[in-house]
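Reader: I've got a model open and would like to learn how to read its sheets and helices. Can you walk me through it?

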Amino acid sequence: MSNQVTLSINNQSITVPAGSTIMEAAQKLGVSVPHFCWHPGLSIAGVCRFCMVKVEGMPKLQIACNTPATEGMKVDTVSSDVKDAHKWALEFHLINHPLDCPICDQAGECELQNYYMKVGKYQSQMEDEKVLKPKALDVGDTLVLDTERCILCSRCVRFEDEVTKTSTLGIFNRGDQATIGTYQDRKIKHNYSYNLADICPVGAFTAKDFRFKCRVWFLKESKTVCPGCSTGCNVNLFQNSNQREYYRLKPRHNADVNGHWMCDVGRTMYEHLNASARLPAPLLNGETVSAQAALQAVTDALKSVSADKVAVVFTAQFTSEEYKTTLATLKTLLKTAPKVFVWRDESEKAEDFDGILFRGDRNPNTRGMMDVLKEQGVTPVMLKGDFSALASASAELTLIFGPEVEAGYPNLAKALARFVELKKAVYFGNTLSESAKKMWLRMPVKVFAEKNGTFVNFNGVAQKLKANPPVFVAVKGVDEYFSDLGKMAQATL
Amino acid sequence: MAYVNVSRDPARNLKNGYLATSLVGMGTTLVTFAKQVFGLEESNTVQWPEVEYQYSERFKGAHFLTKRPDGRVRCTACFLCATNCPAQCITIVAGESPDKGVEKYPVRFEIDILRCVFCGYCEEACPVDAIRMGPEYSMAGLAERKWVYTKDYLLERDAVKRKVGEKQVSKKDENTKHDSVDSSLPNIHAQGSGHGH
């Protein structure tokens, strides 16, 4: 028996593994079949009855999501009776759906809205009053539930049962009284809750973090990689480009890295990108200077100290390209490799893993950094809670590359206090922490959303970042600073 | 057979000449002037600003925000006016309303009136009849005036109260809400739902 079956959809033939459904075959072929309850990352429920297709030889229309593809099957998704079925299925879904779109955060990316525009009936024939249900329920720290908007597709229930295995949600009551809800005295509290707002095809689950902040049609998405931990989930980052303000992250499917999901910790990775959370310009002895002047100060300092009195402290939150440029420039200028330290947070448990996506190593590029250091022939010294190695190096110039995501460094202030004691410390980072104020020189740097570069995740998968326009135009990336610095030093030789 | 003789240049005719027509026009002016001086005819000139001209109710002048019957702002901060505005002069910041039946309301609602082109698209886009363009047309002011209309100004300014009056309260139907929306109950079981209506 063959492991492959060949069927035809709208007279286009497609071969899929045996056991695949018509929906999967259609997706593979690029034919869109309207659906609500089917989600590629969850089990099949077949409850929304929206993905009707016509199969030759079957007396009635079949649902594409739960009908296995068989050899020689002939499927039609465009005939008039299929369109009619979609139209009426949608009419039934809309019977009790409130006209909430003006205050619903999902409006603009709502599957119900989109399908209504595509296959809707436009003139409802429903005469009875809509059934009213509880709205704006607090179901946890991250989500708001509106049971009236729900179309009972059960995606959230299956997510809770299958992905997080927390089973907090269920469908209660019957008929038009059926509502989605949490079991008594239980709340949604796990690290993957925002995925519920993502998979909800309507606005029943909305994220508290994003609630009423911005309408989605003002947002532009860019494809990037989450810097929250060493898993390196593929994400879409949403920015209001008129305001230069970032609002949220959503997962992007990548079967090799994160599948369909991402964690709630990763969802906060937009906060440190916005102007209010960042250092806008270099501070030399606490005074704002131009980037040019700041780099000149670093160049002069590099020249005035002997090569063995220069130390570099890395955190694994920069791109591989940045490490490469930094080390190469320093090697050229100093004629030898500087002493390299790697700063890890005291409380870090790098091997921790929650079984789904989130890892204890809160640095996105540990592997990439180590690869570059090895390639450059540098053996780093670890600084984890104990900074005596750095102190005993008695460096006269220390270049510190601080963490971009400070949430992964709960003991940041403690470490900064140690760095301030050093003679001439240059801090590359956007921290607004009080402890950093006494640093000799603080250089603002680009954040992950503004860089072109590579993160290598825990598994050795190298992933490219794509740059958005920077929030502060004058702020550059570490690699750009060091290539400028290299040129400056050459010019004054 | 009737025909018009066009062989002569009409400009040469004394009746169509420059001087003659000017005098005829001056005559009309003098007659009207005399009639109005002696009160035989009413003047069309409005003595603005002492007298205000009454435009039609459909006149699209300065914006105002309508109210709910209880006096609160009608706007739900859906951003449709801001989206539709070709001049991008509307700035809204939405917030969570203390009344759960309303959910969303504008914390800030501002119109940069210098950018506004008075096209009326905001009014068109509004799904809840919250923003209207009023009868007010004299908006001149000095440079130091604030040219951004704030939410309070759009809701409460005297000109709106005087000219729009009772019509500022929108009669549009309120959305009906389930009883539970006003409660702070954490989940659906607490209100004992299940059977009956």
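Author: Let's start with strands: helices (H or I, at least four residues) and strands (E, at least two) are DSSP runs, numbered from the N terminus. Two strands pair if DSSP finds at least two bridges between them. Keep in mind that this is a predicted model, where local features need pLDDT of at least 70, side-chain atom pairs count only at pLDDT 80 or more, and totals for chains, interfaces and linings use all residues. Residues are numbered from 1 along each chain as its sequence is written, while chains are lettered from A and ligands numbered from 1 in the order in which they are written.

Reader: Which residue stands opposite A:L145 in β10(A)?

Author: In general, strands of a sheet pair through backbone hydrogen bonds, either parallel or antiparallel. Here, A:L145 faces A:F205. Strand β7 of chain A (residues 143-145) is tied to β10(A) by three bridges, and the two run antiparallel.

Reader: What is the order of the three strands in that open sheet of chain A?

Author: Read it as β6-β7-β10, with antiparallel pairing. At the edges sit β6 (137-138) and β10 (205-207), each pairing on one side only.

Reader: And which strands stand at the edges of the open sheet in chain B?

Author: That sheet is ordered β2-β3-β5, again three strands with antiparallel pairing. Its edges are β2 (90-96) and β5 (148-149); each has a single partner strand, so one side of each lacks a neighbour in the sheet. Seven bridges link β2(B) to β3 (residues 104-112), antiparallel, and B:V93 is found opposite B:R108 in β3(B).

Reader: Now a helix. Which residues of α4(A) are buried?

Author: A residue is buried if 20 or more other C-beta atoms lie within 10 Å of its own, exposed if 12 or fewer, and partly exposed in between, with C-beta atoms placed from the backbone. In α4 of chain A (residues 155-162), the buried ones are A:R155, A:C156, A:F159 and A:E160. They share one side of α4(A), because they cover an arc of only 135° around the axis (the arc of the directions from the helix axis to the C-beta atoms).

Reader: What covers the buried residues of α4(A)?

Author: Look for contacts, meaning C-beta atoms, placed from the backbone, within 7 Å. The cover includes β8 (169-172), β9 (179-182), α5 (194-199) and β10 of chain A.

Reader: How many residues of each chain count as buried, as a percentage?

Author: For chain A, 45% of its 493 residues; for chain B, 22% of 197.

Notes. Two residues are in contact if their C-beta atoms, placed from the backbone, lie within 7 Å.
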